[in-house]
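Thanks for coming. I will go through one model today, and you can follow on the screen.

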Amino acid sequence: MFRNVEYYHGDPIYSLFEEFEKDPRTEKVSLSVGVYCNEGGSIPYMKAVQRAEHEISQDFGPRPYLPMEGMHAFSVAAQELIFGNYHNNTAGDRVVTVQTVGATGAVRVGADFLKHNLNCNNVWISDFTWETHDDIFKASGYQVNRYPYYDVHTGGVNFNALIDCLEKLPTHSVVVLHACAHNPTGAELSNTEWDTLSALVAKRGLIPFLDMAYQGFSKSLENDAYALRALLNAGASFLVANSFSKNFSLYGERVGNLSIVCPSAAQTTNVLGQLKAVARRTYSSPPTHGARIIEKVLTTPALRMIWEQELDSMRARIQSMRTGLYERLADKVGHDRVAYLPVQSGMFSFTGLNAEQIKWLRNEKAIYLVGSGRICLAGLTPTNLDYVAESMTLAMGLGFA
């Protein structure tokens with residue numbers, strides 16, 4: 001029956017982490033998987049989450065299915081977080097939100113919704129992007145195209161090439177954009193660039209699809225959502241997939257949201273209905289526990305304050321590791337070789353290391369990076385920072401073609 005089933009080679013990042021886990025060397029360092037680790041190299045159990053979970057545990061009872069669209073109170077709290085005051089003043093009742101199985105699930109639900117209801121066939125994603133974007137949209141029946149994004153010479157965004165490409169796209173083209181902390185490059189648009197891009201997509205009638213997996217990990221909770229403000233100000237309608245895996249350190253709970261800003265409130269009922277239909281035929285309804293924790297934190301002022309302070313500390317730790325790595329490498333290999341580090345932001349950066357250098361780091365130094373050369377700076381700690389910098393210096397000096 002199954003003789004023609006093809007072999008699955010696995011996800012490259014997950015497979016690499018499995019290899020890391022089996023590595024017996026004590027000096028090993030994982031800089032591949034996009035998870036935040038504390039100075040001890042562990043995923044933190046945030047204090048606000050602990051307290052919320054304890055309070056919820058006092059009120060455990062029956063666990064009925066959630067509605068197809070998820071927990072209403074959670075979705076309201078999530079809207080307030082990502083849209084802020086703009087939700088009441090600019091978007092208001094034009095926003096539809098459904099709880100999803102992580103932001104990955106949100107991207108898939110959004111892709112299916114657009115495919116079946118707007119007959120979208122083409123999507124444009126950044127060059128480079130999170131590899132799963134490509135897989136999700138292909139699985140939903142799209143032709144996947146690339147728009148210019150990363151400038152290898154500056155470590156920033158090739159904005160002129162990006163705008164030139166978007167100006168030429170057909171109306172109703174789906175354009176996937178990273179709202180903040182771009183994965184995998186760490187290169188971000190400035191607020192002024194977001195204003196320009198937002199005006200363009202609104203004028204051209206493009207369909208922006210924002211992936212916001214790292215809100216709070218670049219500048220701040222508010223500043224990291226600037227792309228949404230710019231699109232609202234431009235009068236655009238758009239989709240947002242946001243994740244709570246990173247900024248709550250609740251990876252395994254798989255809590256995400258898909259929000260759609262409709263042109264008018266009159267359209268929201270039908271849009272919500274079709275989103276529910278996608279959810280029903282995909283996973284039926286989302287899980288409860290993680291959503292309850294997040295709703296509790298976001299709506300309890302004391303817990304919200306603790307959570308925001310913790311998130312600020314996490315972001316500051318990543319920035320300190322970015323700065324520390326830059327200073328050590330710049331001193332050894334020169335500023336020009338690592339000028340990308342202070343330019344970029346968030347958990348990730350492109351190192352510019354080639355495949356042979358990355359392989360050498362893994363085989364000889366037990367340092368694991370993904371094949372693209374992306375580094376997850378959250379995997380650095382005060383304990384391993386010098387070792388990683390010294391090893392990267394050696395790798396850069398090997399001169400592999």
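Helices and strands here are DSSP runs, helices being H or I with at least four residues and strands E with at least two, numbered from the N terminus. With that numbering, histidine 172 falls in the loop between helix 7, residues 159–166, and strand 5. Before going on: this is a predicted model.

Is histidine 172 buried or exposed? The relative accessible area of histidine 172 is 52%, and the cut-off for exposed is over 50%, so the residue counts as exposed.

Alanine 366 also has a positive phi, near 60 degrees, and is likewise not a glycine. Alanine 366 sits in the loop between helix 14, residues 355–365, and strand 10, residues 367–368. Here the relative accessibility is 0%, and because buried means under 20%, alanine 366 is buried.

Staying with the backbone, there are cis peptide bonds to point out. Aspartate 127 and phenylalanine 128 are joined by one, with omega at about 20 degrees. Phenylalanine 128 belongs to the loop that links strand 3, residues 122–127, to helix 6, residues 131–139. Another cis bond runs from asparagine 183 to proline 184, and omega is near 20 degrees there. Proline 184 is in the loop between strand 5 and helix 8, residues 191–204.

In what order do its strands lie? The order is 2-8-7-6-5-3-4, seven strands in an open sheet with mixed pairing. Strand 2, residues 95–101, and strand 4, residues 143–148, are at the edges; each has a single partner strand, so one side of each has no neighbour in the sheet. From one strand to the next, the twist averages 25 degrees.

Take the pairings one at a time. Strand 5, residues 174–178, and strand 6, residues 207–212, are parallel and share five bridges. Within that pair, leucine 177 is opposite leucine 210 of strand 6. Helix 9, residues 226–233, packs on the sheet and touches strand 6, strand 7 (238–243) and strand 8 (255–261). The direction of helix 9 makes about 160 degrees with that of strand 6.

Strand 8 pairs with strand 7 in the antiparallel sense, over six bridges. One of the residues in that pairing is serine 243, whose bridge partner in strand 8 is glycine 256. Strand 8 also runs antiparallel to strand 2, and seven bridges join them. There, valine 95 has valine 261 of strand 8 as its bridge partner.

Why describe strand 8 as largely enclosed by the rest of the structure? Seven of its seven residues are buried, and that is the reason for the description. The burial covers both faces: Val255, Asn257, Ser259 and Val261 are on one side, with Gly256, Leu258 and Ile260 on the other.

Next, a pair of helices. Helix 5, residues 102–118, packs against helix 10, residues 268–282, at an angle of about 120 degrees, and the axes are 10 Å apart. Their crossing is right-handed. From helix 5, the residues involved are Val109, Asp112, Phe113, His116 and Asn117, and they meet Val271, Gln274, Leu275, Val278 and Arg281 of helix 10. Sorted by class, this contact has five nonpolar, three polar and two charged residues.

One of those residues deserves a separate slide. Aspartate 112, in helix 5, has a relative accessibility of 9%, so it counts as buried. Which residues does aspartate 112 touch, if those up to four places away in sequence are not counted? They are Ser140 and Val278. With serine 140 there is a polar contact, side chain to side chain, at 2.7 Å.

Serine 285 is buried, with a relative accessible area of 16%. Leaving aside neighbours within four places in sequence, serine 285 is in contact with Tyr65, Leu66, Pro67 and Met68. The C-alpha atoms of serine 285 and valine 98 are separated by 10.0 Å, while the two residues are 187 residues apart along the chain.

That is the end of the talk. I can take questions now.

Terms used. Residues numbered from 1 in each chain as written. Predicted model: local features only at pLDDT ≥ 70, side-chain atom pairs only at ≥ 80, totals over all residues. Heavy atoms only, no water. Pairing = 2+ DSSP bridges. Axes fitted to C-alpha atoms, helices over the stretch in contact; angles between N-to-C directions. Contact = heavy atoms within 4.5 Å. Left-handed = near helix turned anticlockwise from the far one by under 90°. Nonpolar A, V, L, I, M, F, W, Y, C, P; charged D, E, K, R; others polar. Buried < 20%, exposed > 50% of the residue type's maximum accessible area, 1.4 Å probe, protein only. Polar contact = N/O pair within 3.5 Å; in protein donor to acceptor, adjacent residues only side chain to side chain.
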